[in-house]
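User: Could you walk me through this model before I set anything up with it? I'd like to begin with the overall layout.

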Amino acid sequence: MPATGEFPHLPIDLRPIATLGNEDRIAHIRSERWIGHAAAERVLGYLQEAFDQPADSDDTSRGFRSKPAACSN
């Protein structure tokens, strides 16, 4: 089905934004967005677990260290 109306080249949900004034369109472009991907969500979960660990914890089960590893060089 071909797109009809104003701005047929844009996705339907973005068409109202295209009719806004310059300042509002620019504000929309500069606004923060989050694109959720399964891998990113998983990594964020791991990072949150690491962040939530007490400072003196030595849990390396997921490869996180609360203290830096000694350099062998």
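User: What pattern does the protein chain follow, read along the sequence?

Analyst: Read along the sequence, the pattern is α-α-α, and the secondary structure comes to 3 helices and 0 strands, where helices (H or I, at least four residues) and strands (E, at least two) are DSSP runs numbered from the N terminus. Please keep in mind that this is a predicted model, in which local features need pLDDT of at least 70 and side-chain atom pairs count only at pLDDT 80 or more, while totals for chains, interfaces and linings use all residues. Residues are numbered from 1 along each chain as its sequence is written, and side-chain values use heavy atoms, with hydrogens and water left out.

User: What does the protein chain average in pLDDT?

Analyst: The average is 81, and 70% of the residues score at least 70; pLDDT is the predictor's confidence in each residue, from 0 to 100. Among the elements, helix H2 (residues 22–30) has the highest mean, 96, and helix H3 (residues 38–52) has the lowest, 92. Where pLDDT is low, the predicted coordinates should not be read in detail.

User: Okay, burial next: how many of the residues count as buried, in percent?

Analyst: Of the 73 residues, 4% count as buried, with buried meaning under 20% relative accessible area, exposed over 50%, and partly exposed in between (1.4 Å probe, protein chains only).

User: Is arginine 15 buried or exposed?

Analyst: Arginine 15, which has its place in helix H1 (residues 15–18), is buried yet has no salt bridge, a salt bridge being a side-chain nitrogen of Lys or Arg within 4 Å of a carboxyl oxygen of Asp or Glu. The nearest side chain of opposite charge is that of aspartate 13, 7.7 Å away (Lys and Arg count as positive and Asp and Glu as negative; His and the chain ends are not counted).

User: Then which backbone oxygen does the side chain of arginine 15 reach?

Analyst: The side chain reaches the backbone oxygen of phenylalanine 7 at 3.1 Å. Phenylalanine 7 is in the segment before H1, and has a positive phi of about 60 degrees although it is not a glycine.

User: And why does phenylalanine 7 count as partly exposed?

Analyst: Because its relative accessibility is 23%.

User: Last topic: where is tryptophan 34 found?

Analyst: Tryptophan 34 is in the loop between H2 and H3, and is exposed, with a relative accessible area of 55%.

Conventions:
Polar contact = N/O pair within 3.5 Å; in protein donor to acceptor, adjacent residues only side chain to side chain.
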